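The following note was prepared for a colleague who has asked for a reading of the model.

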Amino acid sequence: MHTQVAIIGAGPAGMLLSHLLNRAGVEHVVIERVSREYVLSRIRAGVLEWGTVETLRECGLGDRMDREGHVHETINIAWRGEEVLTVDTGEMVGKLMMGYGQTNIQEDLYNAADTAGTTIFFESSDVELHDIATESPSVTFICNGVGERIDCDFIAGCDGFHGVSRVSIPASVTTEYEKEYPFGWLGILSETPPLPHLLYANSSRGFALCSMRNQMLSRYYVQCPLTDSVDEWSDDRFWAELFDRLPHDMATQIQTGPSIEKSIAPLRSYVAEPMSYGRLYLAGDAAHIVPPTGAKGLNLAVSDVRYLSRAIVDHYAGEDDYLESYSAMALRRVWGAVRFSWWLTSLLHRFPDQTAFDQRAQEQELGYLSTSRAAQTALSEQYVGLPYE
Ligand code: FAS
Ligand code: PHB
């Protein structure tokens with residue numbers, strides 16, 4: 001089979017790229033390692049930058065988001081068990097955020113692909129990229145027991161951190177930047193009414209976060225040691241620990257209920273440069289990972305794909321400037337989000353070797369944030385998302 005673009009990975013990056021290429025009439029196929037059901041079973045991101053909201057609306061994927069999503073007008077940060085800092089991003093920078101789960105976006109993307117008749121090879125194995133440094137790359141894989149080969153003009157590596165694309169680039173070409181954090185996030189979903197606003201907490205016991213998926217589906221997180229397992233965390237233990245990390249008057253507003261999902265995610269900052277090599281272009285987690293503290297992971301996948309789809313469409317119109325500048329342009333926005341996520345993670349979490357001085361310094365910075373419009377403006381413009389190029 002020959003096509004114009006072979007997309008590796010049917011997560012948000014791969015499927016948004018597929019959707020944008022469909023709208024531009026660029027032929028492509030998608031190759032995915034697991035089943036559609038498995039992709040849809042993953043519970044991940046929950047907060048969309050306003051640029052992501054506008055991108056989804058512009059490409060016809062905004063209707064359900066606008067019906068079921070929840071616009072966040074503020075982000076709130078509690079600390080020292082009593083203080084709460086409220087940052088009104090609309091007042092600071094004239095932009096808001098949308099609470100709408102990645103799972104919903106994934107469903108919307110698959111539904112759009114069904115409508116467009118997109119070819120997606122689910123449950124593919126032995127995916128290999130070939131001749132990526134030439135103008136005739138190809139992808140081979142096994143699907144339904146049949147060996148397949150796709151000859152193409154471009155390969156889009158949208159296969160996440162553990163995918164095959166990034167590692168297909170010669171190690172001599174790639175520079176890796178990595179920072180692992182000495183803790184994880186234990187997250188639960190509960191079919192209970194959420195708090196009305198996003199609430200982050202810096203506590204001497206560790207980080208906590210209160211978020212949502214809809215008006216009857218809450219998402220909560222507490223920082224936990226990497227050595228913990230989900231089995232060690234009963235619902236009762238989770239709720240008690242969450243309450244201990246929040247101001248009392250906030251905790252009393254939370255309606256508890258049985259968890260319907262519970263998982264621990266490690267935290268990492270990672271960037272691989274460059275994000276392109278020959279006819280292979282990386283987008284999303286395939287090229288970079290951020291700790292979820294700044295709610296940037298999914299949003300960076302969207303900005304990468306905006307740039308990459310524009311570059312590919314321009315190529316077929318005879319213009320290669322955006323292809324040539326893709327990696328540098330994407331990395332400018334990636335590093336902005338990577339630094340912001342590292343800063344917010346460092347400010348809100350308790351590190352194993354943290355001293356009383358470190359805790360006090362974190363609380364001082366939070367106190368400064370609560371009194372400085374300039375500091376809140378800087379936080380807001382990064383949290384809602386910097387402009388696209
Ligand atoms: P994805 O990893 O989502 O998708 C890659 C796809 O490629 C997957 O479907 C995978 O099966 C497939 N694939 C892998 N190898 C392949 C191969 N060899 N061949 C074919 N296909 C292959 N972000 C936030 O903003 N907030 C959060 O709270 C948050 N929580 C997260 C929790 C976890 C456990 C993880 C892993 C990530 C979390 N993220 C969060 C980040 C997450 O939302 C990612 O940024 C987002 O899924 C990126 O999308 P993709 O780049 O498409 O990568
Ligand atoms: C979520 O709703 O899952 C969420 C919200 C904000 C974050 C991270 C995750 O910073």
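**Note on the predicted model**

1. Leaving aside neighbours within four places in sequence, F207 is in contact (heavy atoms within 4.5 Å) with W185, Y200, A201, Y221, V222, Q223, R245, T293, L348 and H349. F207 belongs to the loop between β14 (198–202) and β15 (208–214). With a relative accessible area of 0%, F207 is buried; here buried means under 20% relative accessible area, exposed over 50%, and partly exposed in between, with a 1.4 Å probe and protein chains only. F207 and L280, 73 residues apart in sequence, are separated by 38 Å in space, C-alpha to C-alpha.

2. On conventions, this is a predicted model, in which local features need pLDDT of at least 70 and side-chain atom pairs count only at pLDDT 80 or more, while totals for chains, interfaces and linings use all residues. Residues are numbered from 1 along each chain as its sequence is written, chains are lettered from A and ligands numbered from 1 in the order in which they are written, and side-chain values use heavy atoms, with hydrogens and water left out.

3. The protein chain contains 12 helices and 20 strands, these being DSSP runs (helices H or I, at least four residues; strands E, at least two) numbered from the N terminus. Its radius of gyration is 21 Å, close to the 21 Å that the globule rule gives for 389 residues, so the chain is as compact as a globular protein of that length. That radius is taken over C-alpha atoms, and the rule is 2.2 Å times the number of residues to the power 0.38. Along the principal axes, the C-alpha atoms fill a box of roughly 60 × 40 × 40 Å.

4. Of the 389 residues in the protein chain, 56% are buried. Among contacts between residues at least 6 apart in sequence, 71% join residues at least 24 apart. The chain exposes about 16,100 Å², of which carbon and sulfur atoms supply 49%; accessible areas come from the Shrake-Rupley method with a 1.4 Å probe, and for residues only the protein chains shown count as cover.

5. Helix α9 (residues 297–316) has 20 residues, which at 1.5 Å a residue should span 28 Å; its end C-alpha atoms are 29 Å apart, which agrees. The expected span is 1.5 Å times one less than the number of residues. Because 14 of the 20 residues of α9 are buried, α9 is largely enclosed by the rest of the structure. G318, which follows α9, has a positive phi near 95°.

6. In helix α3 (residues 50–58), the buried residues include W50, G51, T52, V53, T55 and L56. After α3 comes G60, with a positive phi near 80°.

7. D126, in strand β9 (residues 125–130), has a positive phi near 50° and counts as exposed at 52% relative accessibility. N144, in the loop between β10 (138–143) and β11 (146–151), has a positive phi of about 55° and counts as exposed at 72% relative accessibility.

8. Where does the cis peptide bond between E273 and P274 place its proline? P274 lies in the loop between β17 (259–273) and β18 (276–277), and omega of the bond is about -5°.

9. P352 sits in the loop between α10 (321–348) and α11 (356–371) and, at 65% relative accessibility, counts as exposed. P352 and P225 are 127 residues apart in sequence but 8.8 Å apart in space, C-alpha to C-alpha.
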